[in-house]
Amino acid sequence: MTVHIEPPVAAMARAWARAVCAEPGSSTAPHQLEPVLVDIVERLLHLARTEPFPVPQARKLGARLAEAPFERTRMLAHASRWLLGFPSGVPGSLVATRWPLVASQAIDSYAQALQERALAQQEQNISAKVSLRVQEIAALQHRLRHEATHDALTDLANRTLLQERVRAFAADPSRGVGVLVVDLDRFKQINDGYGHAIGDEVLVELANRLREVCPPETVICRYGGDEFVVAANPRRDTLGELAHRVVAALRDPVWSSAGPVPVSASVGTAFCPPGKTCDFTDLLRRADRAMYSAKSAGGRRFALAESGDPELGTAVAG
């Protein structure tokens, strides 16, 4: 009867692989590890017979223990146990004498590779956390910037953003700067008759209507309680057309939680032609005077300010 005796390297690799795969959390099968372990050990045995002492080659083989298919295994203790305890040859022989040195270099290289991998992973984790934190800070800065430049109720621009955008408009010598002052007619009666909560609903709805009717490049500002300012940057004075659309958009009742609320607005415009120095305060004053002319004429209409004097524009009846 012939008894099959497994070669020492294969037997050691099999036992080593089974021990490693028995560790908690291991997801690797022994048959995936065994052939690689056999190859590494046989190469180390070959190096133990090589002159001069092959330190770099031994360390290179040890580093392989940190690569696939071992990247998800924890086996530094196993590597030390199985490699240093492996009976490499007859005691006193060249291989047996040099084996502990070769095995030690491989184990040391494996430990170094594990440390480098851990540091790389830690650096990657830190980098990911830093990146996430930077994104969170950027988002917070954006939110704070938005809150600092927008009205809390309507989310329209506030006075700070309006002035900032008008300065940018004025810096373009090829375009003019136009302003519309929009004042709601008899808004105090809405607050008194329906309550401030309904008044807020009206303001939000009218802000949305202004967004719909104004071109995308304009800036719409809630300038006061029931007053809005629209700033534009056209090449020529087309504010009358825009004012007409604004008056028409703000004349239909607002359907609130208390039912329909009648609304209307008076609008005044002022324009600074291209190439002229734009004084925003003066432009706003002229548009405001034009708005009061429209309101004095009964509201629900707009007036144009030309050369500093408001000229009554086309009335828009309900």
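Start by colouring two stretches of the protein chain: domain 1 covers 9-124 and domain 2 covers 159-304, with bounds that come from an automatic or database domain assignment. Before you go on, know that this is a predicted model, where local features need pLDDT of at least 70, side-chain atom pairs count only at pLDDT 80 or more, and totals for chains, interfaces and linings use all residues. Residues are numbered from 1 along each chain as its sequence is written, and side-chain values use heavy atoms, with hydrogens and water left out.

Taken over C-alpha atoms, the centres of domain 1 and domain 2 are 78 Å apart.

Zoom out to take in the whole chain. Along its principal axes, the C-alpha atoms fill a box of roughly 120 × 50 × 30 Å. The radius of gyration of the protein chain is 41 Å, while a compact globule of 318 residues would have one near 20 Å; this radius is taken over C-alpha atoms, and the globule rule is 2.2 Å times the number of residues to the power 0.38.

Next, select Ser 88, in the loop between helix 4 (76-84) and helix 5 (94-149). Is Ser 88 buried or exposed? Ser 88 is buried, because its relative accessible area is 16%; buried means under 20%, exposed over 50%, and partly exposed in between, with a 1.4 Å probe and protein chains only. Leave aside the neighbours within four places in sequence, and Ser 88 is in contact with Leu 45, Val 95, Ala 96 and Trp 99. Contact here means heavy atoms within 4.5 Å.

Move on to Ala 103, which lies in helix 5. With a relative accessible area of 0%, Ala 103 is buried too. Setting aside neighbours within four places in sequence, show Leu 83 and Leu 84, which Ala 103 is in contact with.

For a last stop, colour by charge. Look for 36 positive and 36 negative side chains, the centres of the two sets lying 4 Å apart. Lys and Arg count as positive and Asp and Glu as negative, while His and the chain ends are not counted; each charge is placed at NZ of Lys, CZ of Arg, CG of Asp or CD of Glu.

Methods:
Helix = DSSP H or I, 4+ residues; strand = E, 2+ residues; numbered from the N terminus.
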